[in-house]
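Please read the following account with the sequence and the model side by side.

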Amino acid sequence: MAEDAYIAALDQGTTGTRCILFDHAGQPVIWSYEEHEQKYPRPGWVEHDPLEIWAKTQKVIRQTLTQGNIQSGRIAAIGITNQRETTVVWDRHTGQPLYNAIVWQDTRTKGICDTLAQDGGQDRFREKVGLPLTTYFAGPKLAWLLQNVSTVRQAAGKGDALFGTIDTWLIWWLTGGPQGGAHITDVTNASRTMLMDLHTLDWDEEILNTLGIPTSMLPDIRPSSAARAYGFTRSDGPFGESIPVTGALGDQQAALVGQTCFDPGEGKNTYGTGCFMLLNTGTEIVPSASGLLTTLGYKLGDAPAVYALEGSIAITGALVQWLRDNLGFFTRAPQIEDLAREVEDAGGIYIVPAFSGLFAPYWRSDARGVMVGMTRYITKQHICRAALEATAYQTRDVVEAMEQDSGVPLATLKVDGGMVANELLMQFQADVLGVPVVRPNVTETTALGASYAAGLAVGYWEDLDTLRRNWQIDRTFEPQMAASQRDKLYAGWKKAVERTFNWAEA
């Protein structure tokens with residue numbers, strides 16, 4: 001391995017795709033980014049074009065290698081991280097998608113979930129999979145495709161259909177596609193399908209039969225960091241040479257690794273399209289009694305799997321996008337901070353962005369977004385401020401649930417993701433939680449975690465202590481708000497949340 005080698009991370013997110021090269025210090029050296037189209041064919045439906053995602057992935061790879069003048073042999077390994085529950089089905093012979101990708105935010109499977117819940121309730125499968133029956137997860141999305149799209153059903157019946165989350169889709173194409181591409185997923189992504197048993201780390205036949213899903217469609221489940229590579233890129237592909245693909249993690253688990261939360265009790269919160277807080281629970285599977293998810297944290301090679309509790313929030317950064325794209329409040333997302341700073345507070349309004357229902361800790365698919373407390377006093381600036389505050393309030397909801405399940409009070413909150421550049425939000429987050437919020441030097445921890453998984457597999461990094469030494473603090477936000485004000489504001493938020501319930505009907 002060349003001393004000046006890099007690890008390449010592909011970060012395929014809800015709104016776009018990055019390719020980043022990381023060096024031995026865990027620093028991003030060169031990167032490229034491309035957005036892809038969001039499709040909303042019906043209210044509550046969200047789709048992506050899988051071929052567009054693959055095309056944008058190839059483009060950012062080539063741009064990164066060209067911009068950095070990266071020569072052959074300088075990429076030691078490749079790691080993948082991805083939007084998790086987004087579901088793709090394609091033809092194994094041609095690579096053509098049989099339908100658009102159904103995105104994790106999509107709510108069309110509410111009827112399927114409600115029907116399944118008639119026998120055993122919303123927690124019917126929770127003991128096995130750690131997840132409630134809700135529209136969030138990939139299994140019901142795949143069941144919907146099989147029930148409603150004839151081309152998917154026919155191809156599955158002939159054994160020609162392949163299913164995967166976006167990691168599987170990209171790895172299959174990177175390693176050859178129809179010419180012998182590896183059809184695999186890692187344990188973290190598999191744990192988000194509602195089809196994998198957390199104890200056995202294998203697909204659960206009973207759940208598959210209940211949902212009518214043939215096992216022939218499913219990828220092999222592999223560790224998140226694989227010394228035995230998932231496969232190798234092809235010389236005629238975007239990397240232009242044979243490189244081992246050795247790391248894969250769902251985006252939030254990748255951020256857990258990127259934040260070096262390797263010990264039980266360590267956790268992080270990622271602020272992106274949605275907001276996701278994970279707490280490492282070690283090798284113990286911890287059931288949640290407070291509306292959290294029990295999920296895989298990561299599995300590094302032959303070491304035992306590490307589990308986590310997760311609080312998932314559907315809409316945070318996506319609310320900023322909505323103000324930008326649907327209402328035209330600003331042209332660039334970072335401008336929301338300047339507008340919000342023009343007012344001292346939100347003027348008494350709250351926005352609860354239940355565009356796709358409410359995720360943790362409520363799990364209400366019937367909820368829809370509300371803006372409450374409106375008066376003639378309210379301006380665009382107040383709405384911008386309320387949109388940022390909604391992210392902080394939703395995070396407090398998750399923190400309180402996590403403290404109840406773990407029995408451990410939060411001391412500090414490690415944060416990452418695109419929204420942590422917004423210092424007004426980070427300060428309000430510290431204020432509404434009453435604990436310090438710590439922003440690391442490298443905030444693209446999702447891609448960093450994928451690179452760590454890939455690099456550990458090939459010996460680019462020696463061990464977890466090496467990764468811990470890479471982690472450095474950029475800034476700590478200390479709480480400045482009086483406890484009485486914090487409690488008053490949060491009580492108003494809880495009232496606003498109640499107003500979202502029982503709106504959508506099946």
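Contact, as used here, means heavy atoms within 4.5 Å. The model is a predicted one: local features need pLDDT of at least 70, side-chain atom pairs count only at pLDDT 80 or more, and totals for chains, interfaces and linings use all residues. Residues are numbered from 1 along each chain as its sequence is written, and side-chain values use heavy atoms, with hydrogens and water left out.

The chain holds 16 helices and 23 strands. Both are DSSP runs numbered from the N terminus, helices being H or I of at least four residues and strands being E of at least two. The chain has a radius of gyration of 22 Å, close to the 23 Å that the globule rule gives for 506 residues, so it is as compact as a globular protein of that length. That radius is taken over C-alpha atoms, and the rule is 2.2 Å times the number of residues to the power 0.38. Along the principal axes, the C-alpha atoms fill a box of roughly 60 × 55 × 45 Å.

Of the 506 residues, 64% count as buried. Buried means under 20% relative accessible area, exposed means over 50%, and partly exposed lies in between (1.4 Å probe, protein chains only). The accessible surface of the chain is about 18,800 Å², and carbon and sulfur atoms hold 47% of that surface. These areas come from the Shrake-Rupley method with a 1.4 Å probe; for residues, only the protein chains shown count as cover. Among the contacts in the chain with a separation of 6 or more, 72% are between residues 24 or more positions apart. The chain has 42 positive and 58 negative charges, and their mean positions are 5 Å apart. Lys and Arg count as positive and Asp and Glu as negative, while His and the chain ends are not counted. Each charge is placed at NZ of Lys, CZ of Arg, CG of Asp or CD of Glu.

Six strands form an open sheet in the order 3-2-1-5-14-13, with mixed pairing. Strand 3 (28-35) and strand 13 stand at the edges with a single partner strand each, so one side of each is left without a neighbour in the sheet. Two strands pair if DSSP finds at least two bridges between them. Strands of a sheet pair through backbone hydrogen bonds, either parallel or antiparallel.

How is strand 14 joined to strand 5? The two run parallel, and five bridges join strand 5 (residues 75-82) to strand 14. Gly79 stands opposite Gly247 of strand 14, and Asn82 has Gly250 as its bridge partner in that strand. Strand 13 (residues 231-232) pairs with strand 14 in the antiparallel sense over two bridges; here Gly231 has Val245 as its bridge partner. Strand 14 (residues 244-250) is mostly covered, with seven of its seven residues buried.

Helix 9 (residues 251-258) is also mostly covered, with eight of its eight residues buried. Among the buried residues of helix 9 are Asp251, Gln252 and Gln253. Just after helix 9, Thr260 takes a positive phi of about 55°.

Thr273 is found in the loop between strand 15 (267-271) and strand 16 (275-282). With a relative accessible area of 16%, Thr273 is buried. Leaving aside residues up to four places away in sequence, Thr273 touches Thr14, Thr15, Trp104, Gln105, Ala314, Ile315, Thr316, Gly317 and Ala318. Thr273 and Thr445 are 172 residues apart in sequence, and their C-alpha atoms are 15 Å apart in space.

Strand 22 (residues 437-440) pairs with strand 21 (residues 413-416) in the parallel sense over two bridges. Leu413 has Val437 as its bridge partner in strand 22. In a regular strand the side chains alternate between the two faces of the sheet. From strand 22, Val437 and Arg439 point one way and Val438 and Pro440 the other way, and all are buried.

Beyond residues up to four places away in sequence, Arg396 touches Val432, Leu433, Arg486, Asp487 and Tyr490. Leu489 is found in helix 16 (residues 483-498) and counts as partly exposed at 21% relative accessibility. The C-alpha atoms of Leu489 and Tyr350 are separated by 9.6 Å, and the two residues are 139 residues apart along the chain.
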